[in-house]
Number of protein chains: 2
Amino acid sequence: MDNFNFCSPTEFVFGKDRENECGDLVKKYGGTKVLIHYGSGSAERSGLLSRVEKSLEEKGIGYVKLGGVKPNPRDTLIYEGIELCRKENVDFILSVGGGSCIDSAKGIAIGVLYDGDFWDFYGTGKPVEKALPIGTVLTIAAAGSEGSGASVVTKEDGMLKRDTGSDLLRPKFSVLNPALTQTLPAYQTACGATDIMAHVFERYFTNTKEVEITDRLCEAVLLTMIKETPRAIREPQNYEARANIMWAGTVAHNDIVGVGRSQDWNSHGIEHELSGLYDCAHGAGLAVIMPAWMEFVYKHDIMRFAQMAVRIWGCEMNFHNPEETALQGIRCFRSFLHDIGMPINFEELGAKAEDIPVLVEKFGIKDGKTGGFVALTADDVTKIYTIAANATL
Amino acid sequence: MDNFNFCSPTEFVFGKDRENECGDLVKKYGGTKVLIHYGSGSAERSGLLSRVEKSLEEKGIGYVKLGGVKPNPRDTLIYEGIELCRKENVDFILSVGGGSCIDSAKGIAIGVLYDGDFWDFYGTGKPVEKALPIGTVLTIAAAGSEGSGASVVTKEDGMLKRDTGSDLLRPKFSVLNPALTQTLPAYQTACGATDIMAHVFERYFTNTKEVEITDRLCEAVLLTMIKETPRAIREPQNYEARANIMWAGTVAHNDIVGVGRSQDWNSHGIEHELSGLYDCAHGAGLAVIMPAWMEFVYKHDIMRFAQMAVRIWGCEMNFHNPEETALQGIRCFRSFLHDIGMPINFEELGAKAEDIPVLVEKFGIKDGKTGGFVALTADDVTKIYTIAANATL
């Protein structure tokens, strides 16, 4: 096991009706003037926004509002948010929405306290030194941003999707009310589930040996997702399925299942170019990319893929030919994604094989290789996109 | 799933040589004058204490020392610690030792800032309102106190073992260096492992339905312990086995595997009377009590015990007679404990069946029942002690 530091200080406030505690929570973490940041009108229409506002008002906390966050959140709205926060002396940002909304809020939180351009921190590794405190009310289980220090933002000019990360961006609190996800359409539910599973797989495929505890914790989250996702799609109102998925989504990405081991994250990077270029859902892009990535890299560690097949997908181990078991596991994953309504190739996603050179160019490996489980050259990435383009069940 | 709040703000600093960062860590969390609290002379003899002192000195942090913490830590030393801290204006307590040392440090942390007797908070439910900040350097994987808000202390007068809990008692940081546990004798290693497994089982047996994610996380920790414990006993110097056990021990008790569900904790309570009366190791007491408790309560939810048997112990499900599978799982647990060198009955533990009335009396159910998976009367507790007294493989 590798040396590591782990600190997840976010207070998770989980369960029915917990959004009514926002006023108390903002107060507890020192907020006096809040930016409520949200996405589409659904938070308004459902009455969620009113409940949050009422909770703030009851504690005498002032607020301003900024809606309009889109999936793959844009830098343009973040600039708007930064200006608004400065003008209104906002000292706490409350995201009411999904991962895109939280990531946008994190961008604003960085920008308000930074003299330069907040974009300086995205895709550059420049360390974040200050940020406004953030709280979240989560409306979709997917990104894990409610417990993580990560933020992914798309620069409108050129549709560049880049990320940053810092423990300073971990929310002070996150309200997780599974009931808020009961109205999600099946497609969005499945996209979220795919993202959650991908967060675990990016950690599962490691070159660090002897990490049984985090292997087992990864498998725990994946087994839960395999059980609960089809149930949430069949029975959208099933609170218990929604609750299990929601907590799994947080555990999948606050890094408790990933510490002490090298991780991969190439599938996320490769996917970001798809959702950047086509503005498709991140989860849908991952459904196309991740099994293709697995097929490209599995020979690097056949026994690890066999472990996935046996422990996660319930395959029988072929002791005579482990490679067959490894490949069976990858097929099970793709079939599962298809069954929950995810695309499995470029056509189903709405992507075009002829764009592959553009995607590889934007992914931006000039010389050298990526890091990760298997370091990839630009040629490797081309091959992965090509497998993804043509995949079948 | 039940509503819950979860917050585990401790910074875990995991890996080889990390104790050399104590100076930086104490400084980061605001300490200027430290009480180094430790147990036996082994921390001195191994050079660990000197390394910690050197690290503090390098950062210009003053300290005083108080050693002598015993297993089942006593109130008497805590009073001494409180006095010393007040006299020396200590503002940070650094425990260098195992769970007993941390629990003693927590008692001191409460007492220094409280005008009355620190014992007021133990076994009474009185909420802790203030405590000095604590850091830990862990030397045995067992109690989970390095990540929890719990503290268990024994009152010398009458050997009463009682507990308290508060998020204020969660350490600011915990240094987890698995190499420090490589010198632990097999018996102590096994006692620690049993305690870790018991922390999970106390959460696993729940009346809350549909908690797949935390069920699976519990199983992940237990499967790891089943793999790694015999390896650490066979090969004490095996860093990887020690590392997996150490992180499992923290995950087992910071409550990430227990949120959203009712828990039990009767086995812990019933055991505390054994280690209180006989001053035996807590883990050894649990090895005797926990399978006995299982045998007494399993009929309350046969399918949950069958799930334990199948998922944790790898038993075949007997679909015709699930009770047989449930009982097989309990037998597997007891056999495992025996195999790692734990006692499985009163004689092996050094306890006496004729003391059962005294134990039940001290456990203190006068009227009514305990809470938990199965609420227990004094008569039930008598039966559990009796099963434990006479258990065989």
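This is a predicted model: local features need pLDDT of at least 70, side-chain atom pairs count only at pLDDT 80 or more; totals for chains, interfaces and linings use all residues.
I began with the strand order. Twelve strands form an open sheet with mixed pairing. I read the order as β3(A)-β2(A)-β4(A)-β5(A)-β8(A)-β1(A)-β1(B)-β8(B)-β5(B)-β4(B)-β2(B)-β3(B). I then looked up the edges, which are β3 (62–66) of chain A and β3 (62–66) of chain B, each pairing on one side only. Neighbouring strands in this sheet are turned against each other by 25° on average, with direction ignored.

I checked how β3(A) is held to its neighbour. Strand β2 (residues 33–38) of chain A runs parallel to β3(A), and five bridges join the two. Within this pair, I found A:Ile36 opposite A:Lys65 of β3(A).

Helix α3 (residues 48–58) of chain B lies across β2 (33–38), β3, β4 (92–97) and β5 (134–138) of chain B, and runs at about 175° to β2(B). Helix α5 (residues 99–112) of chain B lies across β2, β3, β4 and β5 of chain B; its angle to β4(B) is about 165°.

**Entry 4, a hairpin in chain A.** Strands β6(A) and β7 (residues 160–165) of chain A are antiparallel and pair over six bridges. One facing pair I noted is A:Thr154 with A:Lys161 of β7(A). Four residues lie between the two strands of this hairpin, and A:Gly158 in the turn has a positive phi of about 95°. Is β6(A) enclosed or open? Five of the six residues of β6(A) (residues 150–155) are buried, so the strand is largely enclosed by the rest of the structure.

I listed the buried residues of α11 (residues 302–312) of chain A: A:Arg304, A:Phe305, A:Ala306, A:Gln307, A:Met308, A:Ala309 and A:Ile312. The buried residues of α11(A) pack against α6 (186–204), α7 (212–234), α10 (282–297) and α12 (322–339) of chain A. After the helix comes A:Gly314, with a positive phi near 70°.

I turned to chain B for the packing of α11 (residues 302–312) on α12 (residues 322–339). Their axes are 7 Å apart and the angle is about 55°, so α11(B) and α12(B) are oblique to each other. The crossing is left-handed. Residues making the contact include B:Phe305 and B:Met308 of α11(B), and B:Pro322 and B:Ile330 of α12(B). I noted the make-up of this contact as ten nonpolar residues, two polar and one charged.

Notes. Residues are numbered from 1 along each chain as its sequence is written. Chains are lettered from A and ligands numbered from 1 in the order in which they are written. Side-chain values use heavy atoms; hydrogens and water are left out. Buried means under 20% relative accessible area, exposed over 50%, partly exposed in between (1.4 Å probe, protein chains only). Two strands pair if DSSP finds at least two bridges between them. Contact means heavy atoms within 4.5 Å. Axes are lines fitted to C-alpha atoms, for helices over the stretch in contact, and angles run from 0 to 180 degrees between N-to-C directions. Angles under 35 degrees count as roughly parallel, over 145 as roughly antiparallel, 65 to 115 as roughly perpendicular and the rest as oblique. A crossing is left-handed if the near helix is turned anticlockwise from the far one by less than a right angle, and right-handed if clockwise. Ala, Val, Leu, Ile, Met, Phe, Trp, Tyr, Cys and Pro count as nonpolar, Asp, Glu, Lys and Arg as charged, and the others, Gly among them, as polar.
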